[in-house]
Amino acid sequence: MKMPNVTVLLLTEEPSIRSQCQWYNHDNHTELRVTDRLATAEHLFNSIIPYGAAVPALICVFVFLTLFSLLANVFTVYIIERSDDVSWLPRFVLCKSLILSDLLQTVSFAPAVIYSLVQHQTMAFSPWCYFQYVVGGVSIFSSLTTITCMAMERYLYVCFALQYTVMVTRERIRKVLILIWVYSISIAFVGLGLVLYKGRQEKNPHVTMGLLCEPDIVEQHMGSPRAPAIFRKAIGSLTLLLCMLVHAFSYFRMYRNASNAVVPFNESNSAARRTVLFYCGMLFLQVLPLLIKVASDALWEFKGTSVIELTSGSQEHCESAPSATAAVFHLSMLTMVLVPPCINPLVYGLRSVELRKPLAKRFRWRAENRGDEERPRDMMRLRNVVHPSLPEAG
């Protein structure tokens, strides 16, 4: 007597499943089939940003960060290259390497995010995703190791002033730059190789679940293999830890050295304290996205994916969508990743005294040239003026 009721119940529930899911498969209930790639991308985009009014604001934010980063970095490189007195200094050679990393990071990340926001779609999975995966990893690791080397260079300059020119030479700086880029490129390609070797594409091979092909998105699209995730998290955490330790050691020793220099004069070293606090604050802004990422990865590993997992729990017969926590985290990380390329050229380049002097000289020179051009014009105007009490020349 109960069997007909069960049959009727199943038949009445089947249309509701079809109406809720856009990717229903008539042949096999265990495998999902994408019938409309654009509809899938729009569905995932709306799950990440459910409020349509926020999209124009996000577009303005990303466009502003992109333009500011490009202008600040290009202008800083122009000033360095036009100043013969500082272009060869080790500090600014490292600064140019940092600017190159920032430009790569901005160019590879920002346009893709802006395009996804304009189209109201998540990132389509294509070879461009592999390019973003590699270039993003290279730029982040090279930026982190470069600012670490810049802290060591300042430590040697302040604490070993007499031996500085012997210890820090052009040849050694060139070797350091080669090691920085070889290290960063190797990590990126090893990670990509592990993703391709251990991973497998998801059931929807054309659409990702993010606005950018960041490592988490690519790894999830390839089936969330453990090997590349563990490799990336371990190397990233060790590199970040090394950067923090080097900065702490370098600036502490520089502050102690400056404090000892003013003790015989009974003066407070407030300038050194402000400088150290300023650079520590800028370092915090630089590594804040990485610190949050390491913390989230640790939370993921130790407390399980239920805390901050990217998918909100897959429904049977339905494509899983990002959870609210994962969506906010994804957008926050995309925004914070574009902040360091904006502040790096200002902190490590234009703020330095060596660049402010040629910059002021260049503006002063242009103002003087403009005055020299306007002076003859004023003389010509005065010459053509006829005094009212004098008769006009025939």
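Which elements does the protein chain run through from the N terminus on? The order is α-α-α-α-α-α-α-α-α-α-α-α-α. That comes to 13 helices and 0 strands. Helices (H or I, at least four residues) and strands (E, at least two) are DSSP runs, numbered from the N terminus.

This is a predicted model, in which local features need pLDDT of at least 70, side-chain atom pairs count only at pLDDT 80 or more, and totals for chains, interfaces and linings use all residues. Residues are numbered from 1 along each chain as its sequence is written, and side-chain values use heavy atoms, with hydrogens and water left out.

**Confidence**

- The protein chain has an average pLDDT of 75, where pLDDT is the predictor's confidence in each residue, from 0 to 100.
- A score of at least 70 is reached by 72% of the residues.
- Helix H7 (residues 170-198) has the highest confidence in the chain, at a mean of 92.
- Helix H1 (residues 3-20) has the lowest, at a mean of 37.
- Residues 1-35 stay under 50 in pLDDT. The model gives them 32 contacts beyond four places in sequence; contact means heavy atoms within 4.5 Å.
- Residues 305-319 are also below 50. This stretch has 38 contacts in the model beyond near neighbours in sequence.

**Overall build**

- The protein chain has 394 residues, and 41% of them count as buried. Buried means under 20% relative accessible area, exposed over 50%, and partly exposed in between (1.4 Å probe, protein chains only).
- Take the contacts between residues at least 6 apart in sequence: 76% of them join residues at least 24 apart.

**Annotated spans**

- An unreviewed UniProt entry places "transmembrane region" at residues 53-80, 92-118, 130-156, 176-197, 234-255, 276-295 and 327-348. UniProt positions use the numbering here, feature names are shortened, and annotations may be inferred rather than shown by experiment.
- Residues 130-156 are 100% helix and 0% strand, with end C-alpha atoms 39 Å apart.
- Residues 276-295 are also 100% helix and 0% strand. Their end C-alpha atoms lie 26 Å apart.

**Helices H4 and H12**

- The axes of H4 and helix H12 (residues 340-350) come within 9 Å and cross at roughly 165°. Axes are lines fitted to C-alpha atoms, for helices over the stretch in contact, and angles run from 0 to 180 degrees between N-to-C directions.
- H4 is therefore roughly antiparallel to H12. Angles under 35 degrees count as roughly parallel, over 145 as roughly antiparallel, 65 to 115 as roughly perpendicular and the rest as oblique.
- Residues of H4 in this meeting include Phe-92, Cys-95 and Asp-102. Those of H12 include Pro-340, Asn-344 and Tyr-348.

**Loop residues**

- His-120 sits in the loop between helix H4 (90-119) and helix H5 (127-159).
- His-120 is not a glycine, yet its phi is positive, at about 55°. His-120 is partly exposed, with a relative accessible area of 35%.
- Gly-210 belongs to the loop between H7 and helix H8 (215-221). Gly-210 is buried, at 0% relative accessibility.
- Ile-48 is 162 residues from Gly-210 along the chain, but their C-alpha atoms are separated by 7.9 Å.
- Leaving aside neighbours within four places in sequence, Gly-210 contacts Ile-48, Thr-122, Met-123, Ile-217 and His-330.

**A buried lysine**

- Lys-293 is in helix H10 (residues 270-303). Lys-293 counts as buried, at 13% relative accessibility.
- Not counting residues up to four places away in sequence, Lys-293 touches Asp-216, Arg-232, Phe-329 and Met-333.
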